[in-house]
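Please guide me through this model in a viewer, one selection at a time.

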Amino acid sequence: MKKTLVAALVMSSISMAQAAEVELDSKEQKLGYSIGTMFGSRMVNDFEGMDLEAFKAGFEDAFTGEEPQMSMEDVQATVQAFQQEQMEKAQREQAKLAEEAQAKSQAWLDEKAKEDGVITTDSGLMYKVITKGDGKMPAETDTVKVNYEGKLVDGTVFDSSYERGEPISFPLNQVIPGWTEGVQLMPIGSTYEFYIPSDLAYGPGGTGPIPPHAALQFKVELLDIEAAE
């Protein structure tokens with residue numbers, strides 16, 4: 001029975017290959033094959049599981065003006081149901097990825113919290129003092145000048161003023177909450193490391209190279225403060 005099944009599959013593959021062969025001598029034949037190739041390459045990922053023979057029949061009926069085998073109402077309802085299924089599938093996959101990302105970030109934060117010298121604030125922000133300066137500490141409304149390096153939990157550097165070769169200045173109340181809170185803890189001349197939960201960073205949306213629900217690590221060096229006008 002196993003040999004019979006294998007033979008049937010082989011014969012089926014040969015039949016399909018033979019059926020797919022067409023003459024491509026005239027410009028009309030080449031145009032038809034080209035349009036079919038374009039449609040197929042675009043549709044292969046969007047309509048996974050579609051019955052190819054049924055597609056051919058529907059296309060031919062519509063193209064030649066034959067009486068359709070389904071009403072337009074049924075056609076539209078079928079396509080809408082498929083699109084709804086695909087949307088729900090995508091939402092489930094996104095929810096699964098978000099759950100995995102949250103778990104990964106939380107596990108990383110839990111490990112960081114165990115390290116010597118790491119302090120956790122009431123908001124959940126964690127930081128470690130690398131070097132502590134003796135200058136003034138900024139207020140939320142101040143503009144600060146810093147050097148910094150930002151990493152994902154896997155160690156990937158996604159942004160660095162060190163790599164660009166110049167510090168950056170910005171109003172402290174116009175950045176992510178983890179920065180707004182954390183930099184206010186730093187006297188000028190200090191270098192801190194911050195371990196920032198997703199809800200104090202870019203949250204479920206992420207941004208650019210930062211994925212949704214990502215905890216972040218920053219090394220921040222506070223160079224100067226410009227008081228608010």
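Rings of Phe, Tyr and Trp, the last through its six-membered ring, count as a pair if their centres lie within 6.5 Å. The model on display is a predicted one.

**Ring cluster.** Select Tyr148, Phe158, Phe170, Trp179 and Phe218; ring pairs link these residues into a cluster. The structure holds eleven aromatic pairs.

**A stacked pair.** A pair of aromatic rings is described by the distance of the centres and the angle of the planes. Next, select tyrosine 127 and tyrosine 192. Their ring centres are 5.6 Å apart and their planes stand at 5°; planes under 30 degrees apart count as stacked, so this pair is stacked. Tyrosine 127 belongs to strand E2 (residues 126–131) and tyrosine 192 to strand E6, so the pair ties together parts that are 65 residues apart in sequence. Are these two tyrosines buried or exposed? Both tyrosine 127 and tyrosine 192 are buried.

**A tilted pair.** The ring centres of tyrosine 192 and phenylalanine 194 lie 6.0 Å apart with the planes at 50°, so the pair is tilted. Tyrosine 192 has a relative accessible area of 2%, and phenylalanine 194 likewise has a relative accessible area of 2%. Buried means under 20%, so phenylalanine 194 is buried.

**The largest nonpolar core.** Which residues touch the most other members of the largest nonpolar core? Among its 24 residues, these are Trp179, Phe194, Ile196, Phe218 and Val220. To see the elements that give two or more residues to this core, colour strand E3 (143–151), helix H6 (177–183), strand E6 (191–196) and strand E7 (216–226). Strand E7 gives the most, with four residues.

**Around phenylalanine 194.** Now display the contacts of phenylalanine 194, leaving out residues up to four places away in sequence. Phenylalanine 194 touches Leu125, Met126, Tyr127, Gly182, Val183, Met186, Leu216, Gln217, Phe218 and Val220.

**A charge over a ring.** Select lysine 219 and tyrosine 162. Lysine 219 lies over the face of tyrosine 162, at 5.2 Å from the ring centre.

**The annotated span.** Finally, select residues 80–107, which an unreviewed UniProt entry annotates as "coiled-coil region". In the model, this span is 100% helix and 0% strand. The C-alpha atoms at the ends of residues 80–107 lie 40 Å apart.

Methods. Residues numbered from 1 in each chain as written. Predicted model: local features only at pLDDT ≥ 70, side-chain atom pairs only at ≥ 80, totals over all residues. Heavy atoms only, no water. UniProt positions renumbered as here; feature names shortened; annotations may be inferred. Core = buried A, V, L, I, M, F, W, Y, C linked by side-chain atoms within 4.5 Å. Buried < 20%, exposed > 50% of the residue type's maximum accessible area, 1.4 Å probe, protein only. Contact = heavy atoms within 4.5 Å. Phe/Tyr/Trp six-rings, centres within 6.5 Å; stacked < 30°, edge-to-face > 60°. Lys NZ or Arg CZ within 6 Å of the ring centre and 35° of its normal.
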